Amino acid sequence: MPLIFLLLLLIVQTSLSSNTFKQPFTIMLDGAGDAHHAGRTLAGDYLERGLTMQLAQGIKHKLEQTYDGLRVVLARTPGESATHIQRATFANRIADLYISISLYPQTTKPTIDCYYFCLEPRALPIAPTNNLQLTPLTQVHLPTTPASQASAQAFYTELKNIVTNTMIVHMPTGIPCAPLKGIACPAFALEASIKHAHDIPMLVNILSSALTKSIDYHIRNQS
Amino acid sequence: MTLAQRWLTLIAALAMSAGFVYFLVHTNILIIAPYHSSYTPALVTAATKKNSTLFFYKQDAWHQEVVPLLLPDQQADALSCIANRWLVLATEEELMNKKVRVEHAFITQYGSGYLSCDQCLFESAQSTREKFFLIQGLIRSIKAAGISLKGIYFLVQNKPMADYHLDFSVPWSCEPYNVNN
């Protein structure tokens with residue numbers, strides 16, 4: 001009996017440790033739009049800023065339930081206005097992973113795209129520098145570009161497994177993505193097409209499930 | 001003429017001269033005189049007829065169209081010409097719903113190109129992917145025309161193009177991005 005109890009305890013500990021961060025880990029979710037920038041008009045009458053906020057809050061809730069030691073922070077609150085640079089400054093203080101979320105009106109098949117920041121295609125990643133060095137805004141992403149690519153790739157692979165042929169999913173692409181400019185931690189952007197506002201819960205489930213692989217990548221890197 | 005009349009005449013003439021000079025300085029009156037100059041603007045600029053390949057991305061694939069163009073030998077003029085022709089093609093292919101025109105084109109001595117359009121190329125509802133490939137099609141076409149640039153700044157009415165999803169405050173590289181379909 002004590003052996004069975006010990007075996008059960010071991011199984012529970014193992015399953016917990018795969019969803020447990022050794023050190024506190026912070027993810028910042030950035031929904032497109034703010035008080036000054038309403039974003040695209042979606043699903044008839046809805047604004048991008050409202051739907052991305054719903055999406056980000058849903059993903060935050062799901063991820064915090066799944067992982068111990070994970071803190072999910074939203075880059076803005078409803079009614080708040082923040083430029084890209086202000087969000088980057090906020091993220092550079094507290095975030096270990098930054099995810100930008102945007103939506104656009106669906107015209108054909110449902111689609112999800114993934115991007116990481118890249119200004120110069122031939123630029124090589126550079127070694128991390130000490131925190132006291134001033135780095136230009138256009139180069140601050142270079143030390144973490146490999147980690148951003150790996151996070152985005154892990155997300156893409158899992159997303160492909162989840163959606164199979166029901167959605168079009170494009171491989172992660174490095175582009176001069178404005179919401180990711182100036183962010184020092186690993187960062188990638190998601191953009192999903194949406195037809196109806198009631199598709200948000202479905203997107204929350206799909207995206208949060210796919211994001212677990214990106215987060216698992218960072219758990220492995222922590223150890 | 002009495003002495004008083006002479007003084008009055010003199011004061012009146014001085015007052016009129018002062019008033020004339022005052023209004024001339026403040027450009028309330030203009031003097032238009034015939035202007036002779038030895039400058040004669042060039043009526044003919046050197047140009048070469050070339051078959052240029054224009055690239056565009058549509059329905060998840062790259063397409064190209066070869067068009068005959070009279071490209072000026074001046075690189076900046078050639079840049080403007082090829083960009084305007086590409087914009088016409090983009091409208092014909094329904095990649096853009098509005099007619100956009102390049103107003104100014106400039107190339108610096110360091111190889112940076114500046115393209116200033118009369119309005120933004122993008123619609124608000126377009127996805128980032130559509131916008132990105134629109135720009136890539138234009139850049140590829142410029143490169144295929146033999147205009148070698150280190151980077152291109154995209155401007156609207158001489159100010160950096162403002163877009164929420166793509167950063168136009170920096171020059172866009174003419175090298176292909178790592179795009180996977």
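**Entry 1. The largest pocket**

I looked up the lining of the largest pocket and found 29 residues, with A:Thr107, A:Thr108, B:Gln59, B:Ser127 and B:Glu130 lying nearest its centre. The model I am working from is predicted. I noted a volume of about 840 Å³ for the largest pocket.

I then asked which elements each supply at least two residues of this lining. From chain A they are strand E5 (97–105) and strand E6 (111–117); from chain B they are strand E1 (47–58) and helix H3 (128–144). H3(B) gives the most to the lining, with four residues. Sorted by class, the lining has 11 nonpolar, nine polar and nine charged residues.

**Entry 2. Helix H2 of chain B**

I checked the length of helix H2 (residues 75–92) of chain B against its residue count. At 1.5 Å a residue, its 18 residues should span 26 Å, and the end C-alpha atoms are 26 Å apart, so the two values agree.

Next I listed the buried residues of H2(B). They are B:Ala76, B:Ala78, B:Leu79, B:Ser80, B:Ile82, B:Ala83, B:Trp86, B:Leu87, B:Leu89 and B:Ala90. Against what do these buried residues pack? I found E1, strand E2 (61–72), strand E3 (102–107), strand E4 (112–117) and H3, each of chain B.

**Entry 3. Aromatic pairs**

I examined the pair of B:Phe132 and B:Trp172, which is tilted, with 6.0 Å centre to centre and 40 degrees between the planes. B:Phe132 lies in helix H3 of chain B and B:Trp172 in strand E7 (residues 172–173) of chain B, so this pair ties together parts that are 40 residues apart in sequence. Are these two residues buried or exposed? I found both B:Phe132 and B:Trp172 to be buried.

B:Trp172 also pairs with B:Phe168. I recorded this pair as stacked, with 5.2 Å centre to centre and 15 degrees between the planes. With buried taken as under 20% relative accessible area, B:Phe168 qualifies because its value is 2%. B:Trp172 qualifies because its relative accessible area is 0%.

Conventions:
Residues numbered from 1 in each chain as written. Chains lettered and ligands numbered in written order. Predicted model: local features only at pLDDT ≥ 70, side-chain atom pairs only at ≥ 80, totals over all residues. Heavy atoms only, no water. 1 Å grid on protein atoms, 1.4 Å probe; cavity = no way out; pocket = protein on both sides within 12 Å on 5 of 7 lines; lining within 4 Å. Points joined across faces, edges and corners; volume = space filled by probe spheres on them. Nonpolar A, V, L, I, M, F, W, Y, C, P; charged D, E, K, R; others polar. Expected span 1.5 Å × (residues − 1). Buried < 20%, exposed > 50% of the residue type's maximum accessible area, 1.4 Å probe, protein only. Contact = heavy atoms within 4.5 Å. Phe/Tyr/Trp six-rings, centres within 6.5 Å; stacked < 30°, edge-to-face > 60°.
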